[in-house]
Amino acid sequence: MTYREAMEYIESLQSCGIVPGLDSIRELCRRLGNPQDTLKFVHIAGTNGKGSVLAYISTVLKVAGYRVGRYISPTIFEYRERIQVNERKISQKDLCTGMELVRQACL
C-alpha cells in the first residue's frame, strides 16, 4: 500500500459513519491479535484542557525515560501528525504498513 492509497483508504472510511458501541472496535482488535493487551495507556478525555494535559504527561513520561506514543485529533497540517512516538510523527512507511494490517483485518 502506498501513502496515497493509505490516505484514500482512510478518507473512504469517513463515509461509513459512526457505529455506536464498542463491538466493532473489539472485533477489529481481536482480528489484530488484541495488541492493546500488551500496552499501557493514559487516556485523556473531557471537554477542555486535553492538549495541555497531554503535553504535560507526555513530557514527564519522556523525561523519565519512557517511550511515549500520542494520538492527536483533529489534524492541523497533515494526517501523520496525529500519530506520534516521542514527539515524532509516524513515517509514511509505518503508516502504510499499519493501514494495510487494518485493511486486511477488515476484509
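Modeller: The residues lining the largest cavity divide into one nonpolar, two polar and three charged, where Ala, Val, Leu, Ile, Met, Phe, Trp, Tyr, Cys and Pro count as nonpolar, Asp, Glu, Lys and Arg as charged, and the others, Gly among them, as polar. This is a predicted model, in which local features need pLDDT of at least 70 and side-chain atom pairs count only at pLDDT 80 or more, while totals for chains, interfaces and linings use all residues. Residues are numbered from 1 along each chain as its sequence is written, and side-chain values use heavy atoms, with hydrogens and water left out. The lining itself is made up of Ser 58, Lys 62, Val 68, Arg 70, Asn 86 and Glu 87; a cavity here is a set of points on a 1 Å grid over the protein atoms alone where a 1.4 Å probe fits but cannot get out, and lining residues have an atom within 4 Å of a point. The structure holds one cavity of 30 Å³ or more, and the volume of the largest cavity is about 40 Å³, a volume being the space filled by probe spheres set on the points, which are joined across faces, edges and corners. His 43 sits in the loop between α2 (23-31) and α3 (50-63), helices being DSSP runs (H or I, at least four residues) numbered from the N terminus. With a relative accessible area of 73%, His 43 is exposed, a term that requires over 50% with a 1.4 Å probe and protein chains only, whereas buried means under 20% and partly exposed lies in between.

Terms used:
On a 1 Å grid over the protein atoms alone, a cavity is a set of points where a 1.4 Å probe fits but cannot get out, and a pocket is an open set with protein on both sides within 12 Å along at least five of seven lines; lining residues have an atom within 4 Å of a point. Helices (H or I, at least four residues) and strands (E, at least two) are DSSP runs, numbered from the N terminus.
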